[in-house]
Amino acid sequence: MRLMSQAFYSHARLYDLMFPGGGPAVDFYRADADRQGGRVLELGCGTGHKLIPIASDGHPCVGLDFSSDMLAEAQRKANERGVAVEWMQGDMRAFDLDRTFDFVFITANSLLHLQEAEDLVSCFRSVRRHLAPGARFVFDVFNPSVRLLAEADGVRRTRESLSFIDPDRGNVSVDVAEIYDAPAQVTRGTWYLSTDSEPDFVVAPLEIRSIFPQELPLLVSLGGLRLVERFGDWSGRPFAVDTPLQLCICESA
C-alpha cells in the first residue's frame, strides 16, 4: 500500500512547492461538488488542494488521508484561509465514518497507491457504504501509455518541470529513477530532491499502479459501483486512446 510511499508524503511543505495545485482539476471538482450539493468526502486528500476550495464554497467537508504530515499541513492551510474542514487520518482501503456523503472523490492518482486488486475493490466497497441516495463518486487516474511505461529503465533523470524554489533552501531540482514491474502493473520510483549545497537531501520511494481501461469498470463493479461516464480530460472530452486521464463518474450499482 502507501507505506512504501510514506517517506514521500512526510515532506508535506516540499510536496506543496513541487505540486502547487490549482488549475482545471480544482475547477472541475468544485463545479461537481456544487452540482451535487450536500456533504463532501475526499479520500487521499493530501494537503487539501481540492478540498479547501470546495469547503470555502460552503460545503461541509471531510478529508481522509493516511499521512499525518499531509493532514497537519492541510489543517494549517485551512486555518490560514478561515475554512472549516474535518481532517481525519485513515486508510482508504477500509474506513467507517458512520455517515453518508453526497459527493465522494479521489483525485491526482491517489487511488493508484493501492497496488492489489483486492485493495482497490475494498476501497470501492468502503466508498459505496458511504454514498447517500443519489450520491456520486468521482475519481481520476492517468491513462497508461505502454510506450511510456516501457521507457521506465531505472536511469535517474532530472524532471525540469518539477523543479521549484524553497524559501529556506533556494532552487531545488528533482530527479526520478523508475522501473516498471509489468506483472504487478506498478511503476517503482525513487525521487531525489537536491540543491547545489545539499545533494539528495530527500531520497524517497514512490510506487504507483497502472489501471488499464479494460480492467477499470470491472474493479468498480466488483466494489458494488457502476461506472456511469468516463472522460478523457478536465474539459469533459470523451475518453479515448490518446487522452491523458481516466476521469470516472460512478454511482451505487
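Start at Leu43. Leaving aside neighbours within four places in sequence, Leu43 is in contact with Leu64, Met92, Phe95, Val104, Phe105, Ile106 and Val127. Contact here means heavy atoms within 4.5 Å. This is a predicted model: local features need pLDDT of at least 70, side-chain atom pairs count only at pLDDT 80 or more, and totals for chains, interfaces and linings use all residues. Residues are numbered from 1 along each chain as its sequence is written, and side-chain values use heavy atoms, with hydrogens and water left out.

Leu43 also belongs to the largest nonpolar core, which has 50 residues. A nonpolar core is a set of buried Ala, Val, Leu, Ile, Met, Phe, Trp, Tyr and Cys residues joined through side-chain atoms within 4.5 Å. Buried means under 20% relative accessible area, exposed over 50%, and partly exposed in between (1.4 Å probe, protein chains only). Leu43, Leu111, Phe137 and Phe139 touch the most other members. Strand S5 gives the most to this core, with 6 residues. Helices (H or I, at least four residues) and strands (E, at least two) are DSSP runs, numbered from the N terminus. A second, separate core has 22 residues, including Tyr29 and Phe231.

Now turn to a lysine. Lys77 lies in helix H5, residues 68–81. Is Lys77 buried or exposed? Lys77 is buried, with a relative accessible area of 16%. Its side chain makes a polar contact of 2.8 Å with the side chain of Asp16. Such a contact is a pair of N or O atoms within 3.5 Å; within protein, one must be able to donate a hydrogen and the other to accept it, and residues adjacent in sequence count only if both atoms are side-chain atoms. Not counting residues up to four places away in sequence, Lys77 touches Asp16, Thr47, His49 and Ile52.

The largest pocket holds about 1300 Å³. Of its 49 lining residues, the closest to its centre are Asn109, Phe142, Arg159, Trp191 and Ile208. On a 1 Å grid over the protein atoms alone, a pocket is an open set with protein on both sides within 12 Å along at least five of seven lines, while a cavity is a set of points where a 1.4 Å probe fits but cannot get out; lining residues have an atom within 4 Å of a point. The largest cavity has about 70 Å³ of space. Helix H2 gives the largest share of the cavity lining, 3 residues.

Notes
Grid points are joined across faces, edges and corners, and a volume is the space filled by probe spheres set on the points.
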